[in-house]
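Q: Could you walk me through the ligand site first, and then a bit of the surface?

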Amino acid sequence: MTAVVVVIVVWALSLAVIARLVRQRSLQEKKRRETLMRALVETSSGVALVFDAKRRVVIANDDIRRHSGGSATGRPVVKALGVADDSVAVKVLDDVMAAVLAGDSSAAELPDEEDDGSMRILEIEGRPLEGGQGFLHVSDATERRERAMRSAQSERMEALGALAGGLAHDFNNLLFVTLGNLQLMATNDVVINDEKLSKFVSRSVAAVERGAEITKSLLAVARSQPLEESAVTLADLVKGILPLVRQALGAGRTVSVDIPDQSVQLMLDAGRLSSCILNLAFNARDAMGPNGSLTIAAHRVDELDPSWGLTGSFIRLSIADDGSGMSDEVVARAFEPFFTTKKPGSGTGLGLATVYAFARQTGGTATLTSRLGAGTTVSLVLPIHDPSDAEAASAPRRRAGRRVVVADDEQSLAELVASWLIDVGVDARFATSPKSALDLVEEFAPDVLVSDANFGEEIDGIELAKLAKAIQPDLAVIFMTGYSSSMRTLQELGERTLAKPFSRDDLYGALMPYLAEASDV
Ligand SMILES: Nc1ncnc2c1ncn2[C@@H]1O[C@H](COP(=O)(O)OP(=O)(O)OP(=O)(O)O)[C@@H](O)[C@H]1O
Ligand SMILES: [Mg+2]
């Protein structure tokens with residue numbers, strides 16, 4: 001009997017010890033899990049919290065204090081997050097928490113209006129935890145989304161630009177040959193003496209020139225047009241273009257200028273910058289009421305936005321209007337080539353794309369801010385030129401003779417350019433492949449090589465120029481190009497770059513300073 005009692009007592013004692021051990025182990029396990037969860041919550045970026053079945057905060061990180069204004073533990077999640085009772089956010093949060101408490105992961109997005117009226121996008125994610133609890137993470141996705149959108153937008157612009165540039169290149173060659181032959185026709189005696197024929201020719205010339213203007217805009221968008229860069233005083237350039245801006249805006253609208261640093265210089269294509277300003281003035285006019293006002297301002301950029309990928313000193317040239325402004329959807333696409341909200345026939349959608357492409361090609365960027373009903377500011381961020389850094393601009397150096405080799409794989413084009421030169425007493429020969437051009441350089445010893453930038457062969461214009469200069473070190477090289485993805489190299493290697501299609505006068509203007517005077521030979 002006693003033995004039985006002893007066994008029972010021992011058995012009961014063992015059970016109690018085991019139960020205690022199990023309890024201790026599970027307490028330890030719970031504590032370990034809690035420590036782990038606390039560490040995870042506290043080191044999470046954004047708001048991270050654990051909530052219970054009553055949707056009250058169990059653990060939260062410090063970020064929640066921004067919303068709750070104090071300790072969040074024990075408070076209902078929606079209150080701790082500072083969400084207004086009757087807002088959409090309450091419903092979104094409740095739905096996420098309900099799904100989580102039912103054992104499912106859940107996610108949602110919440111637009112959140114800031115005090116200054118700007119919108120932010122919050123991403124909410126929930127995960128179920130053991131013991132009827134849930135984990136909630138709220139993060140601000142506004143900047144990440146904007147960055148992704150900007151990068152997708154700039155990829156789209158690059159692709160469209162390259163497409164436009166490629167098309168324009170082929171059209172350019174055709175227009176160039178047509179224009180050149182029409183110009184030769186115009187100077188032919190038969191045409192000169194026939195009034196009717198002269199009229200036909202001049203009408204055709206005008207139409208081809210209009211076509212050339214369009215391809216020029218396309219090439220500008222593709223950032224593949226040669227720029228005629230020179231040191232420009234920004235304040236003077238703006239002063240010079242002001243009468244045209246006033247005319248573009250029309251009577252009743254005002255323009256003011258705010259450029260405190262009157263001496264700041266930029267190294268850029270002044271003609272192209274002027275046409276950008278005019279383009280922006282036209283856009284402003286279209287968005288303005290009859291008494292609108294435009295401000296052209298230029299201020300140094302104190303802090304560069306890292307996403308621009310720029311280094312150095314920059315000036316922000318802003319053109320601001322008080323017009324109708326743009327919706328967020330229009331802002332997102334405004335710089336895209338061919339994007340327009342104007343009626344068919346009123347806008348090509350190339351204005352802002354050209355401005356952006358010009359700013360990038362000049363080594364800067366363009367930005368845009370706009371609010372519906374308040375107005376629009378477009379800014380060109382442009383590199384400041386320090387004249388003391390720059391080498392003295394080298395004046396064209398005349399060669400001893402007047403021999404020229406023209407190289408282009410398009411035979412009609414090579415022939416045309418050579419014939420223009422022969423007409424004014426230049427000893428010109430032409431070649432239609434890099435190989436025959438190099439043979440000519442060796443045999444004929446030209447003073448200048450006028451070469452296409454892109455041959456449909458292994459050797460391109462850049463390679464040809466290098467090889468030709470190796471044969472004849474004093475050779476001056478002038479590139480002709482409608483489109484090139486290596487514009488910088490062309491400008492560094494050649495003396496000049498002529499944008500196709502060019503006129504006879506453009507050719508003479510570019511070439512003659514490198515040749516001996518006709519009277520000297
Ligand atoms: N200052 C502005 N205010 C309001 N909306 C503007 C302004 N500038 C541009 N936009 C909007 O951006 C769109 C694109 O402008 P962009 O200058 O590229 O082309 P466009 O003016 O439509 O045509 P184009 O300039 O080729 O004649 C415009 O259609 C317009 O909706
Ligand atoms: Mg425009």
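**Ligand contacts and a surface patch**

Q: Which oxygen contact does the backbone of Gly 351 make?
A: A polar backbone atom of Gly 351 is 3.4 Å from an oxygen atom of ligand 1, where a polar contact is a pair of N or O atoms within 3.5 Å. This is a predicted model, in which local features need pLDDT of at least 70 and side-chain atom pairs pLDDT 80 or more, while totals for chains, interfaces and linings use all residues. Residues are numbered from 1 along each chain as written, and side-chain values use heavy atoms, without hydrogens and water.

Q: And which distances do the side chains of Asn 283 and Thr 341 give?
A: An N or O atom in the Asn 283 side chain is 2.8 Å from a ligand 1 oxygen, and a polar side-chain atom of Thr 341 lies 2.4 Å from an oxygen of ligand 1.

Q: How much of ligand 1 does the protein bury?
A: The protein buries 90% of the 600 Å² that ligand 1 exposes when taken alone, with areas from the Shrake-Rupley method and a 1.4 Å probe.

Q: Switching topic, what makes the nonpolar surface patch?
A: Val 4, Ile 8, Trp 11 and Leu 15 make a nonpolar surface patch of about 430 Å²; patch residues have over 30% relative accessible area and no salt bridge (a Lys or Arg side-chain nitrogen within 4 Å of an Asp or Glu carboxyl oxygen), and nonpolar side chains are joined within 5 Å.

Q: Why is Leu 15 called partly exposed?
A: Because its relative accessible area is 44%, between the limits of under 20% for buried and over 50% for exposed.

Notes:
Chains are lettered from A and ligands numbered from 1 in the order in which they are written. A polar contact is a pair of N or O atoms within 3.5 Å; within protein, one must be able to donate a hydrogen and the other to accept it, and residues adjacent in sequence count only if both atoms are side-chain atoms. Patches are made of residues with over 30% relative accessible area and no salt bridge: like charges are joined within 9 Å, nonpolar side chains (Val, Leu, Ile, Met, Phe, Trp, Tyr) within 5 Å. Buried means under 20% relative accessible area, exposed over 50%, partly exposed in between (1.4 Å probe, protein chains only).
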